[in-house]
Amino acid sequence: MYTCVMNCVRVLLAVGAAAALAQESPREQQTRRFEQNAVAVGAPFPKLALYDGDGKPFHTRQLVGSYSVLITGCLT
Amino acid sequence: MRFYYLYKALAHPELDGYVGPVTLEERLMHVKEARRVIPTAIPWLTDTMANGLKHALGDSPNMEYIIDPEGKVAERRAWSDPDELRADLARLAGPSERVTQVEELGVKLAERPRHAPTGIVPRLDLPDRAQQFRALLIEPQLDKTNSPFYVKLRAEADRALLRDGKGRLYLGFHLDPLYGVHWNNLVAPVEYEWMPTEGASIAPAKATGPKVAAEADADPREFLATVELGESRPSATLKFRYYACTDTFCKAVTQEYLVHWTPDRDGGRTQQRPAGGQGRPGPGSDPFSRFDRDGDGKLSAEEVPPPMRQRFPLIDANSDGFVDREEMRRFRQAGQR
């Protein structure tokens with residue numbers, strides 16, 4: 001009996017979670033994914049090769065030495 | 001303290017006619033265009049075409065990271081917020097002796113490019129597209145062409161196709177405004193053709209775009225197909241023929257794409273079109289109207305481009321969460337003084 005009740009509770013929780021996810025706006029989805037995948041505070045910033053705005057090589061190592069703020073964006 | 005914008009994949013392809021670049025050179029053209037339309041003293045960095053840093057940071061379109069002098073993440077958030085950023089920086093590095101005001105920035109938004117009339121060819125009537133369709137991963141076959149991709153393919157699958165292998169496929173061929181081209185309707189219309197692929201049935205396998213009375217236009221050429229995939233879900237090759245024309249040249253181009261039946265995590269999300277079915281503004285529309293996608297006469301933070309979003313709370317003088325025309329006018333006037 002106890003097992004049956006617990007299974008029912010699990011099913012209800014799963015259904016509730018699925019319903020909550022289904023009601024997420026795109027912005028909420030992206031925020032949730034960000035929280036799952038973002039680099040943690042205190043962790044090293046990723047070491048990756050990029051380009052500057054003129055196409056010259058730039059490496060995230062160049063961000064070391066002072067506080068840097070990086071904001072992602074695009075034309076749209 | 002240093003500030004950077006990182007240019008990455010488009011968040012909302014088709015907005016203002018902009019479409020995703022297919023080469024690094026084209027992405028750098030986007031950066032140049034971003035500098036033109038949204039002048040800022042903050043330098044742009046450019047992510048690789050694989051969007052490596054975007055993925056590593058958490059994949060949100062308007063993320064904000066503060067990196068400390070040792071190269072560690074001091075703070076981060078999914079959506080950039082200028083007030084919170086300022087508070088973070090004051091906490092981490094100490095308060096600023098002098099706070100720059102918006103009026104000092106002198107921001108003047110420039111017009112988006114328009115090379116031919118729009119609103120001539122009706123858009124495909126898919127009112128649920130933004131919710132029901134997802135961008136597919138596509139590979140432009142760069143080594144099989146001698147021309148730039150003047151036209152960019154946007155391929156989207158509905159949920160049934162992605163889930164069951166049987167459903168609807170949206171194909172949109174969009175002129176890239178950064179090449180200044182338009183459709184020349186005095187020559188043969190565009191044509192696509194799927195190469196035979198075992199395990200993939202696509203109908204129609206071949207189609208031709210509409211004949212248009214106007215000599216030239218810049219509306220996308222859109223098609224809807226039905227697809228049935230076998231177990232192996234083989235990628236399929238799509239060939240597209242068109243004329244790329246400006247006022248000074250017009251040449252026949254044939255280009256190919258390899259279409260994969262998997263979602264593109266960098267494909268962005270198209271905005272729901274306003275009533276009337278036109279995705280782009282009419283002649284003479286102002287920046288406010290361009291941004292006001294739901295047509296309610298006021299702008300939310302989500303409707304404005306990211307660099308402007310940074311300053312949104314400052315433009316929103318009465319702090320009601322929206323910017324109206326008067327607030328926008330005052331902001332622009334301040335920038336022009």
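## Terms and model

Two strands pair if DSSP finds at least two bridges between them. Helices (H or I, at least four residues) and strands (E, at least two) are DSSP runs, numbered from the N terminus.

This is a predicted model: local features need pLDDT of at least 70, side-chain atom pairs count only at pLDDT 80 or more, and totals for chains, interfaces and linings use all residues. Residues are numbered from 1 along each chain as its sequence is written, with chains lettered from A and ligands numbered from 1 in the order in which they are written.

## Confidence

The model has ipTM 0.76 and pTM 0.78. Over residues 273–285 of chain B, pLDDT stays under 50. The model has 20 contacts beyond four places in sequence for that stretch. Two residues are in contact if their C-beta atoms, placed from the backbone, lie within 7 Å.

## The sheet in chain B

Chain B holds an open sheet of 9 strands, with antiparallel pairing. The order is 10-13-7-6-5-15-14-9-11. Strand 10 (200–203) and strand 11 (206–208) of chain B are at the edges; each has a single partner strand, so one side of each lacks a neighbour in the sheet.

Strand 10 of chain B runs antiparallel to strand 13 (residues 221–229) of chain B, joined by 4 bridges. I202(B) stands opposite V227(B) in strand 13 of chain B.

## The largest core

A nonpolar core is a set of buried Ala, Val, Leu, Ile, Met, Phe, Trp, Tyr and Cys residues joined through C-beta atoms within 7 Å. Buried means 20 or more other C-beta atoms within 10 Å of a residue's own. The largest nonpolar core has 35 residues. A155(B), L169(B), L171(B) and V259(B) have the most contacts inside it. Strand 14 (236–245) of chain B is among the strands that supply at least two residues. Its share, 6 residues, is the largest.

Beyond its neighbours within four places in sequence, L169(B) contacts A155(B), A157(B), L161(B), A225(B) and V227(B). Another core, of 31 residues, lies apart from the largest one; I71(A), Y5(B), A9(B) and V31(B) are among its members.

## Where the chains meet

The contact takes 61 residues from chain B and 37 residues from chain A. Strand 1 of chain B gives the most to the side of chain B that touches chain A, with 6 residues.

Strand 3 (residues 68–73) of chain A and strand 1 of chain B run parallel, joined by 6 bridges. Y7(B), in strand 1 of chain B, is the bridge partner of G73(A).

Note on methods: pLDDT is the predictor's confidence in each residue, from 0 to 100. A residue is buried if 20 or more other C-beta atoms lie within 10 Å of its own, exposed if 12 or fewer, and partly exposed in between; C-beta atoms are placed from the backbone.
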